[in-house]
Amino acid sequence: MRVLVVGGGIGGLALGAGLRRRGFEVAVFDRDTDVAATGGYHITLDGRAQSALREMVAPQIMRRLLASALRLRDRDAFWDRRGRLLGRGPDLSGDAGVDVDRVTLRVLLAEAVGDDLRLGRTVSGVDRDGDGVPRVLFADAAPASADLVVGADGTHSLVARHLAGGPTNSPAGIIGFSGRTLREDLSPGERQRLGTRSGLAVGPRGAALYVGFLDPVGNAALDAPELRMSVTTGPTYIWGAMFPESAVTDSLRGLRQGALRAALVGRFRERGWAEHTLELLARADPHSVAAYRFNAASTRAADLAPWPAGRITALGDAVHATPPTAGMGAGAAIRDAAALLRHLGDVADGGTAPVEAVARFEAGMRRRGGEILTLAMRTVRLVLATDTALGAAATAATTPLLAAAARLRR
Ligand SMILES: Cc1cc2nc3c(=O)[nH]c(=O)nc-3n(C[C@H](O)[C@H](O)[C@H](O)COP(=O)(O)OP(=O)(O)OC[C@H]3O[C@@H](n4cnc5c(N)ncnc54)[C@H](O)[C@@H]3O)c2cc1C
């Protein structure tokens, strides 16, 4: 069976690795020319995503991944805009989840796909030939035919758009800004407040700041320094600021580096954030600061992959584009890939017809997509709610009480 995968991001590479390992004929096409020269900060892989990965890559790749991944041990923190602690997330001591640089994950997966990964190949469309055989089209090369075509081409997927007859997601109403700040660049007070944990601060009038801590060198999930290949080489905060979309926040998207960083600090300051909480942004590496729009598919599983099963399908963000607010988009793409691989294994064993296998895979993907979107949209809705007059008043009134309660608990 010959499978062509459009998109060599996280889901497409995971699938390509798994298909190759199981002896399928596979090619993965990505428009990028270098898998390491890609955007991205850290990716969270929960226990289910790691189990799925183990099905698709060799044990040595998994070991190298875990030697480069951080296992978070401290409970997440929730702060208000003054930096006061409002509460803590659940105990993480039994949690299998790890955080890893997106670049590291992608490079390792690309290695597992080997020469079945074709870089610098921009796909211009998909269709079927006169006999109904699916094909991948290129602007600058002849079409390639396959038994199955899989669109793993991300949020703006042309494969999923072809199948659905239109976009599969829309803007979620939030603009995100991300950046990296070295822990050593912060004042001792902020270092202590932020600690070695992730956290979220939400203020009135639609301003929120997620802070992720990454230090795979000091806290690797697998203590094997000789296998380490993390891009992050020292204690680093990877942060994501969120604002509701508006003409004003939209205009920030045109700014770059230091100018964007300064404008962001200004937006938080206008909303009454304490000066010390903005150190994280003000001392970020200016080259790391970037803006992006959150897109989201429907939270209703039944709305996802709204096409009859056939020999062209899609997975990951192409189907269930998910804002990063739950840290589950990449894990879900990996789990999609593992599920498709399992169902295609049934075809290879002669037990299932290909279209039936795709139908079963898509049913599971709809459930998974609905679950992660529901979680991710909770934070999006919370941020949007604080932007209403009532929401702003409620946030301003309740956060001091929550902060006082948190102080008493300590
Ligand atoms: C640059 C970038 C940075 C990201 N950073 C983060 C992050 O820091 N944290 C986080 O949680 N999530 C991040 N994400 C999102 C996260 O990677 C995805 O949510 C998740 O991996 C889902 O994986 P996917 O395989 O469905 O899509 P993606 O990982 O987005 O991969 C899609 C791939 O398809 C390729 N592609 C698209 N169209 C075409 C075409 N026409 N022809 C050929 N190739 C095509 C793209 O080059 C890309 O490699 C990032 C995504 C990207 C693209």
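Author: Let's start with a word we'll need: two residues are in contact, or "meet", when they have heavy atoms within 4.5 Å of each other. Keep in mind that this is a predicted model.

Our part is helix α11, which covers residues 329-348. Start with its partner α1, residues 10-21. On the α1 side, I10, G11, A14, L15, G18 and L19 do the touching, and in α11 they meet A330, A333, I334, A337, L340, L341 and L344. The two helices pack at an angle of about 30 degrees, and their axes are 8 Å apart. Angles under 35 degrees count as roughly parallel, so α1 is roughly parallel to α11. The crossing of α1 and α11 is right-handed.

Now for the other partner, α12. Here α11 packs at about 160 degrees, with 9 Å between the axes. From α11, the residues involved are G329, A332, R335, D336, A339, L340, H343 and V347, and they meet P354, A357, R360, F361, M365, R368 and I372 in α12.

α12 itself deserves a look. Still, α12 has a kink of about 25 degrees, centred on M377.

As for the record, an unreviewed UniProt entry places a "domain: FAD-binding" feature at residues 2-163 and 290-363. Over residues 290-363, the chain is 46% helix and 14% strand, while residues 2-163 are 30% helix and 27% strand.

Note on methods:
Residues are numbered from 1 along each chain as its sequence is written. This is a predicted model: local features need pLDDT of at least 70, side-chain atom pairs count only at pLDDT 80 or more; totals for chains, interfaces and linings use all residues. Side-chain values use heavy atoms; hydrogens and water are left out. UniProt positions are given in the numbering used here, feature names are shortened, and annotations may be inferred rather than shown by experiment. Helices (H or I, at least four residues) and strands (E, at least two) are DSSP runs, numbered from the N terminus. The bend at a residue is the angle between axes fitted to the seven residues ending there and the seven starting there. Axes are lines fitted to C-alpha atoms, for helices over the stretch in contact, and angles run from 0 to 180 degrees between N-to-C directions. Angles under 35 degrees count as roughly parallel, over 145 as roughly antiparallel, 65 to 115 as roughly perpendicular and the rest as oblique. A crossing is left-handed if the near helix is turned anticlockwise from the far one by less than a right angle, and right-handed if clockwise.
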